[in-house]
Structure formats: C-alpha cells, structure tokens
Amino acid sequence: MKKGRVFSGARPTGRQHIGNYLGAIQNYVALQDDYECVYCVVDLHALTTLTHTEELKSNTLEMVLDWLAAGMDPEKSIIFVQSQVPQVTELHTILSMVTPMGWLTRLPTFKERVRMQPDNVNYGLLGYPVLMAADITLYKADTVPVGEDQAPHLEFTREIVRRFNHHFGPTLVEPRIKLTAFPRVMGLDGVNKMSKSLGNHIELASPPEEMEQRVMTMVTDPQRRYRSDPGRPEVCNVFTFHGFFSPEQVQEIERDCRKAEIGCVDCKRTLARNLSARLAPFRERRAELGSDPKLVWDILADGASRATAIAEGTMAEVKARVGLP
Ligand code: ATP
Ligand code: MG
C-alpha cells in the first residue's frame with residue numbers, strides 16, 4: 001500500500017545540475033518505493049523563457065538521461081513529457097477562471113522573470129503558476145518534492161485548490177511541499193541560487209576536468225583575502241558543499257580553514273576531487289544509457305500513456321463538477 005502520490009517536474013532547459021540533484025532529484029529517487037511517483041519533463045513551461053525551442057528535444061533527452069542515471073526508475077515511476085498529455089492545458093484553462101489576476105502579478109517569481117526578460121513578458125509567463133497547479137492537480141498529487149524556490153508556487157497551488165473546491169465541491173487534492181536538507185543550493189557566484197539560466201551551475205554529467213575548472217571559480221568567504229587570513233566556513237559556499245560531498249573530511253576542513261592552515265585553492269581542489277569521485281558511478285551509468293537514446297523515448301512514450309489514464313479520470317470529474325458537457 002503506497003503512502004500517497006508524488007508529482008514533480010523540471011524544465012528541459014539543459015542538463016541537470018548539483019542544485020537540482022540536492023534540492024529535488026534525491027527526493028524523487030527516495031520517494032519511489034513508498035509513493036506512486038509521477039515525474040514530468042515540463043516542456044510547455046520551458047516555452048515561457050526559451051527562445052531556442054529547437055533545443056527542446058535534445059534537452060529532454062539529456063535531462064531524462066540525468067534522471068535515469070541518478071536512480072529514477074521507470075519500473076517504479078511514471079516518467080513522461082508534459083506536452084504529450086494535453087489534458088493539462090484543458091485543466092489550466094479551467095483553473096485560470098478561478099485565479100484572481102492579483103495572485104499572479106504579486107508572485108515574487110513573476111516579478112523576477114519580468115526583471116530578467118523585460119522584452120518578453122508574455123502571457124504564458126504570468127500563467128506559469130496556473131499551469132503548474134494544473135500539472136500537480138491533474139495527477140491528484142498530495143506530495144511535491146521541489147526546491148525552496150518553488151515554495152510560492154506550491155502555496156499558490158494550494159490556494160487555487162481551495163478556491164476550486166469551494167466553488168465546485170471537493171474535487172482536487174491540496175498538495176504539500178517536500179523539501180530536502182539542501183532546499184536552496186547557491187551557485188558558483190555564492191549569491192544567487194544555482195540555476196541553469198544564470199549559468200552559475202555545475203552539471204552532474206560534467207567530466208572531472210570541467211568540474212574542477214568550475215569548482216575553482218567558486219566564491220569563498222569574501223573577507224578572506226590572503227592565505228594567512230582565518231576563514232569563516234559558516235559563510236562559505238564551498239564549505240557547504242563539503243558538508244555533502246566530503247562527510248569524512250568536513251570537520252578537519254572546518255578546523256584548518258578557521259586556523260588558516262588550508263587556503264581556499266586547496267580546499268576547492270579537495271572538493272573537486274570528492275565531487276568527481278562521488279559522481280563517477282553516475283557518469284558511467286549515464287554513458288551506458290546514452291548509447292541507446294531509443295530506450296529513453298520508449299520510456300517516455302510508456303510514461304505518457306500511463307499518465308494519460310490518470311489525467312482522463314481527473315478531467316472527467318472536473319468537467320462534471322464545473323458543468324461542462
Ligand atoms: P531554470 O534556470 O531554467 O529555471 P533551474 O536551474 O532553476 O532552471 P529547474 O528545472 O527550474 O532548474 O528546477 C528543477 C527542480 O530543481 C525544481 O524542483 C527546483 O526547485 C529545483 N532546484 C533548482 N535549482 C535549485 C537549487 N539551486 N537548489 C535547490 N533546488 C533547486
Ligand atoms: Mg528554475
């Protein structure tokens with residue numbers, strides 16, 4: 001007997017990075033045994049910001065290879081592409097009718113996008129959270145593993161569900177957010193969330209040399225200007241990473257950093273080495289899977305048909321509640 005249903009998704013805008021893994025994918029994998037899991041490549045969401053849409057297909061392949069290599073298992077979970085189950089757009093339209101405009105314009109994520117792409121403030125960008133609410137509620141998910149940046153969208157989904165159910169009677173499920181111990185991984189710059197679109201990320205699939213190059217650019221304690229200055233691990237992003245990737249050395253690193261017995265360059269080299277070693281089995285599995293892309297498309301086609309069966313059931317119920325013939 002499963003404990004409930006999980007839904008989550010990611011935009012196919014590039015390969016997955018360490019932030020995606022620590023904030024979301026590790027939960028995707030961990031929840032597979034106890035929950036019915038539905039994981040979605042949200043390609044329609046990617047259209048809100050992408051100008052090079054010809055990359056959607058290759059990005060989808062790259063992302064699903066990352067997911068499978070990280071341990072997401074199509075035998076246990078439904079893995080599919082959003083646009084291949086079009087019922088979500090129908091539910092999006094219906095939910096948009098119970099969505100006050102003000103709820104959308106006040107969302108911090110919308111305001112940030114407007115700042116980032118002032119020349120492309122399209123309607124889809126405003127409606128993004130409504131489409132996300134449709135993604136989650138179409139599959140009646142009660143648990144949504146995502147990073148902390150998605151918390152406002154989750155709260156929005158809960159409000160929409162309450163509003164819909166109040167108007168039309170209990171139909172949709174109010175989901176709860178599920179965070180990991182690393183809900184907001186900072187980027188290489190140390191000030192922004194690690195994001196594909198900001199380019200401040202390290203891809204899980206990077207070869208060791210590239211990984212080392214990226215790690216060496218990480219910002220450390222800004223007050224530590226000379227090798228002899230004592231460091232403050234509590235404000236250092238590199239140290240935070242050691243917490244996950246260097247569990248056996250982390251105490252020693254903390255002590256040596258505070259006493260200026262190691263410099264930031266050594267500290268980063270150690271991190272790059274540990275990170276690469278930890279991801280070696282991942283890179284191997286990914287290379288194996290990548291040799292047969294047809295396998296990935298077959299998994300996604302099967303996922304779409306399993307997802308459609310759930311989506312059709314929800315839509316029949318929603319339409320009856322709303323009064324559509
Ligand atoms: P983009 O810049 O294109 O929005 P992204 O790097 O933010 O990409 P998404 O595909 O939007 O990645 O996010 C996929 C999942 O990973 C979401 O659940 C999101 O909350 C989570 N996530 C993304 N970045 C981080 C991060 N830095 N720390 C923790 N979780 C993250
Ligand atoms: Mg994002």
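In this predicted model, a search of the whole structure finds one cavity of 30 Å³ or more. The volume of the largest cavity is about 90 Å³. Its lining consists of 13 residues, and those nearest the centre of the cavity are Arg224, Cys236, Cys257, Cys264 and Cys267. Two elements, α11 (250-258) and α12 (264-290), each give two or more residues to this lining. Sorted by class, the residues that line the largest cavity comprise eight nonpolar, two polar and three charged ones.

The largest pocket holds about 1200 Å³ of space. It is lined by 48 residues, and Arg113, Tyr128, Asp149, Gln150 and Lys193 are the closest to its centre. Several elements of secondary structure take part in this lining: β1 (5-10), α1, α6 (108-116), α7 (123-138) and α8 (151-168) each supply at least two residues. Among the contributors to the lining of the largest pocket, α7 provides the largest share, with seven residues. The class composition of this lining is 23 nonpolar, 16 polar and nine charged residues.

The largest pocket is also the space taken by ligand 1. Around the ligand there are 22 residues, of which His17, Gly147, Asp149, Lys193 and Ser197 come nearest. The shell around ligand 1 draws its largest share, four residues, from helix α1, which spans residues 18-31. By class, the shell contains seven nonpolar, nine polar and six charged residues.

Individual contacts show how particular residues meet the ligand. The side chain of Arg11 has an N or O atom 3.0 Å from an oxygen atom of ligand 1. Asn20 likewise places a polar side-chain atom 3.1 Å from an oxygen atom of the ligand. With Val185 the backbone is involved: one of its backbone N or O atoms lies 2.8 Å from a nitrogen atom of ligand 1. Taken alone, ligand 1 exposes 600 Å², and 96% of that area is buried by the protein.

Conventions
Residues are numbered from 1 along each chain as its sequence is written. Chains are lettered from A and ligands numbered from 1 in the order in which they are written. This is a predicted model: local features need pLDDT of at least 70, side-chain atom pairs count only at pLDDT 80 or more; totals for chains, interfaces and linings use all residues. Side-chain values use heavy atoms; hydrogens and water are left out. A residue is near a molecule or strand if one of its heavy atoms lies within 4 Å of it. A polar contact is a pair of N or O atoms within 3.5 Å; within protein, one must be able to donate a hydrogen and the other to accept it, and residues adjacent in sequence count only if both atoms are side-chain atoms. Accessible areas come from the Shrake-Rupley method with a 1.4 Å probe; for residues, only the protein chains shown count as cover. On a 1 Å grid over the protein atoms alone, a cavity is a set of points where a 1.4 Å probe fits but cannot get out, and a pocket is an open set with protein on both sides within 12 Å along at least five of seven lines; lining residues have an atom within 4 Å of a point. A molecule sits in a cavity or pocket if more than half of its atoms lie within 2 Å of its grid points. Ala, Val, Leu, Ile, Met, Phe, Trp, Tyr, Cys and Pro count as nonpolar, Asp, Glu, Lys and Arg as charged, and the others, Gly among them, as polar. Grid points are joined across faces, edges and corners, and a volume is the space filled by probe spheres set on the points.
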